[in-house]
Amino acid sequence: MEEQSSNAASPLARFFRFMLAAGETRVDQQEEKGDLLRRMVSYSAISRQFILILALSSSIATCGLLADSAVAIVGAMLIAPLMKPILAYAYGVITADWRLQARSVLTLLIGVLLTMLIAGAVEKLVDLREPTAQIMTRTEPTLIDLGVAIAAGIAASVATVRRNIADTLPGVAIAVALVPPLCVAGVSFAVGSWSIGWGATLLFAVNLVAIVLTAANVFLIDGYGQLKRASHGLLLMILIATCVVAIPLTRAVGQLR
C-alpha cells in the first residue's frame, strides 16, 4: 500500500519530499510529528515573552519608519515573532486541529492590534509631519510582494520542519516584512490617513494569506496532516486569498491601461 501511495504522489510532491529529505537522517516519524506539534502549540500561545518582543519590535520598526531608517526597520523585522502563530495556524489547518487554529488566530489578532496601537502611540509622541519614503513604500501591495511572501512561506515552513536549517528563520522574517506594514497602518490611522492605512493593512493581509497557504502545502507534502481532513480549511483560505489578492491585481491591471 505504501508503494502504491508513493507512486500515486504527484511529481512535484515527490520532488519536494526528495529536496526536504536531502542531507538529513530522519528519526522516527511519530516522534518527529509529536515534536512538531509541541512546537506549534508553543507558537500559538500568548506569552509575556511574545508580547514583550513584539512590543519592542513594533517600537523599533515605528521609529525606523518615522526616521526613514531602513537599518532600524530591518532590526525590528529580525526579532519580530509574528511568523510563529501564522505557521501554527497553517499546521492547524492541515491537521484539522480547530483548537490550535483558534489559539493561533487569537494570538495573531492580539499581536496585530498591539503592533498597531504601539505604532499609533509612538507617532503621537514623535508627531509625524509628512510620510517618509519608508512609509510610502509599504502603502500598496504588488505582485512582487506576493512572490516574496510565497517564497518566505515555503522557507519558513521548511525551516520549521527541518531543525538543521532553522538558522534561516531570521532571514525569512526580514524578507516577508510582517511588522512594518502594520506599523505603517497604525501610524496612518493615528494621523487620519485612511487610504495609506488601508493600503498597508492590505499588504499585511496579502503576506499573511500567502504564508498560510504555502506553509500548509509544504506541511502536507512532507507528510504532516491529510489532504482530506485539511480540505475545508484550505478551501476557506483559497477563497480568502482570491478576495485579498484580487484587489492588488485589479489595481495593477488598471495601472497598465
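A search of the whole structure finds zero disulfides, a disulfide being a pair of cysteine sulfur atoms within 2.5 Å. The sulfur of Cys-63 lies 9.4 Å from the closest cysteine sulfur, that of Cys-183, which is too far for a bond. Cys-63 is partly exposed, at a relative accessible area of 41%, whereas Cys-183 is buried, at 0%; here buried means under 20% relative accessible area, exposed over 50% and partly exposed in between, with a 1.4 Å probe and protein chains only.

The model is a predicted one, in which local features need pLDDT of at least 70 and side-chain atom pairs count only at pLDDT 80 or more, while totals for chains, interfaces and linings use all residues. Residues are numbered from 1 along each chain as its sequence is written, and side-chain values use heavy atoms, with hydrogens and water left out.

**Nonpolar cores**

A nonpolar core is a set of buried Ala, Val, Leu, Ile, Met, Phe, Trp, Tyr and Cys residues joined through side-chain atoms within 4.5 Å. The largest such core has 52 residues, of which Leu-82, Tyr-91, Ile-135 and Phe-219 touch the most other members. Among the elements that give two or more residues to this core are helix H3 (29-44), helix H6 (83-94) and helix H12 (194-221), and H12 gives the most, with 10 residues; helices are DSSP runs (H or I, at least four residues), numbered from the N terminus. Apart from this core lies another, of five residues, including Leu-146 and Val-206.

Tyr-91 has contacts, meaning heavy atoms within 4.5 Å, with residues including Lys-33, Leu-36, Leu-100 and Phe-219, when residues up to four places away in sequence are not counted.

**Aromatic pairs**

The whole structure holds three aromatic pairs, where rings of Phe, Tyr and Trp (its six-membered ring) pair if their centres lie within 6.5 Å, and planes under 30 degrees apart count as stacked, over 60 as edge-to-face and the rest as tilted. Two of the edge-to-face pairs are set out below.

| Pair | Centre to centre | Between the planes |
|---|---|---|
| Tyr-91 and Phe-219 | 5.6 Å | 85° |
| Phe-189 and Trp-198 | 5.3 Å | 65° |

The pair of Tyr-91, in helix H6, and Phe-219, in helix H12, links distant parts of the chain, 128 residues apart. Tyr-91 counts as buried at 5% relative accessibility, and Phe-219 is buried at 0%, whereas Trp-198 counts as exposed at 54%. Phe-189, Trp-194 and Trp-198 form one aromatic cluster.
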